[in-house]
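Have a look at the model before reading on.

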Amino acid sequence: MCNLSCPRGRGKERLCPNGFFRSLLALALCVLMLWPGPAQAAPRPVLYAEAAILIDGETGQVLYEKNARHQMEPASLTKILTCLMAMEEAAPEERVTVPEEATWLMSDAAAIGLVPGERLTMAQLLYAMMLPSANDAASAVGIHLGGSLSGFSDKMNRRLAELGLKDSHFENPHGLPARNHYATAYDLAQVTREALAYPEFLDYAGSSSYFIPAGPENRGYSFSHLNRTLRRGSEFYDARAIAGKTGWTESAGNCLMTVGEENGRRLIAVVLRGDNDGIGGGAYRDTRALFDYGFSSFRPVTVPL
């Protein structure tokens with residue numbers, strides 16, 4: 001038997017043991033069997049977004065792409081890589097002292113109002129970074145892990161290189177506009193897939209809200225997730241959504257990452273410059289269209305040889 005859904009091999013191709021010709025035949029069968037069926041499949045979506053991608057969360061297989069290798073501003077989708085590196089390098093209960101530099105932000109930048117000198121856990125900062133997209137929390141995480149913002153950006157780019165992602169370059173841990181700060185939808189989807197290897201990512205990026213109680217070393221904070229596919233009562237709520245990240249700047253437009261799950265399968269959708277109204281309606285409609293297409297049109301297939 002040859003598993004044609006491409007088992008998670010981190011970029012390594014696996015050929016069936018019966019020879020090159022039979023491997024090509026198996027691949028051809030795989031393509032035919034995964035091709036959207038006219039009777040039950042949703043139509044291939046026509047998206048509003050300038051760039052988008054849909055991948056299988058297990059194998060990384062690309063199911064749909066539109067300008068997915070174009071270098072664009074990722075806005076706060078940058079924080080997905082920051083979260084991945086924090087999960088890789090720090091324990092959830094590790095204490096982080098908020099440096100003054102972490103609070104030096106643009107006047108309209110999203111923040112929860114961290115105070116220099118207060119101490120929170122790494123997990124608390126990641127919730128703040130991923131749910132309300134707090135840039136002060138992202139800066140505190142980056143400085144803690146890299147020694148400085150520039151030190152952390154160097155680490156980010158080395159991590160991208162280790163993942164084989166060559167078309168993105170980050171200058172900061174949060175995604176506020178900076179020269180030479182860019183990413184592709186493909187790279188962001190693959191970073192998300194890597195982050196999903198950590199079960200806690202579904203908490204940091206999937207909780208609808210979170211509360212940080214006041215303590216001897218910190219103030220109390222309460223916030224909700226900005227990704228409306230995860231918020232019951234929203235017109236964009238999608239029961240398939242289990243995690244996500246929003247991003248917006250005037251120059252980047254609305255950016256959205258959403259992880260969906262249905263019948264045991266996970267898909268990752270990334271939409272860049274979905275619209276530029278600050279609301280993101282187009283990005284949410286595009287994400288729903290991608291999930292409708294992906295979940296109805298593709299299924300794992302094992303072909304006997």
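1. Let's start with the contacts. Taking those in the protein chain between residues at least 6 apart in sequence, 64% join residues at least 24 apart. Bear in mind that this is a predicted model.

2. As for the overall make-up, the protein chain has 8 helices and 11 strands. Of its 305 residues, 53% are buried. The chain exposes about 13,800 Å², and carbon and sulfur atoms supply 51% of that area.

3. Now to the helix pairs. Helix α3 (residues 122–130) packs with helix α4 (residues 135–146) at an angle of about 135°, their axes being 8 Å apart. That angle makes α3 oblique to α4, and the crossing of the two is left-handed.

4. Who touches whom here? On the α3 side you'll find Met122, Leu125, Leu126, Ala128 and Met129, which meet Ala137, Ala138, Ala140, Val141, His144 and Leu145 in α4. Sorted by type, the residues of this α3–α4 contact come out as 10 nonpolar, 1 polar and no charged.

5. Moving along, α4 also packs with helix α5 (residues 149–162), this time at an angle of about 80° and with the axes 7 Å apart. Angles of 65 to 115 degrees count as roughly perpendicular, so α4 and α5 are roughly perpendicular to each other.

Notes:
Residues numbered from 1 in each chain as written. Predicted model: local features only at pLDDT ≥ 70, side-chain atom pairs only at ≥ 80, totals over all residues. Heavy atoms only, no water. Axes fitted to C-alpha atoms, helices over the stretch in contact; angles between N-to-C directions. Helix = DSSP H or I, 4+ residues; strand = E, 2+ residues; numbered from the N terminus. Parallel < 35°, antiparallel > 145°, perpendicular 65-115°, else oblique. Left-handed = near helix turned anticlockwise from the far one by under 90°. Contact = heavy atoms within 4.5 Å. Nonpolar A, V, L, I, M, F, W, Y, C, P; charged D, E, K, R; others polar. Buried < 20%, exposed > 50% of the residue type's maximum accessible area, 1.4 Å probe, protein only. Areas by Shrake-Rupley, 256 points an atom, 1.4 Å probe, with all protein chains shown as cover.
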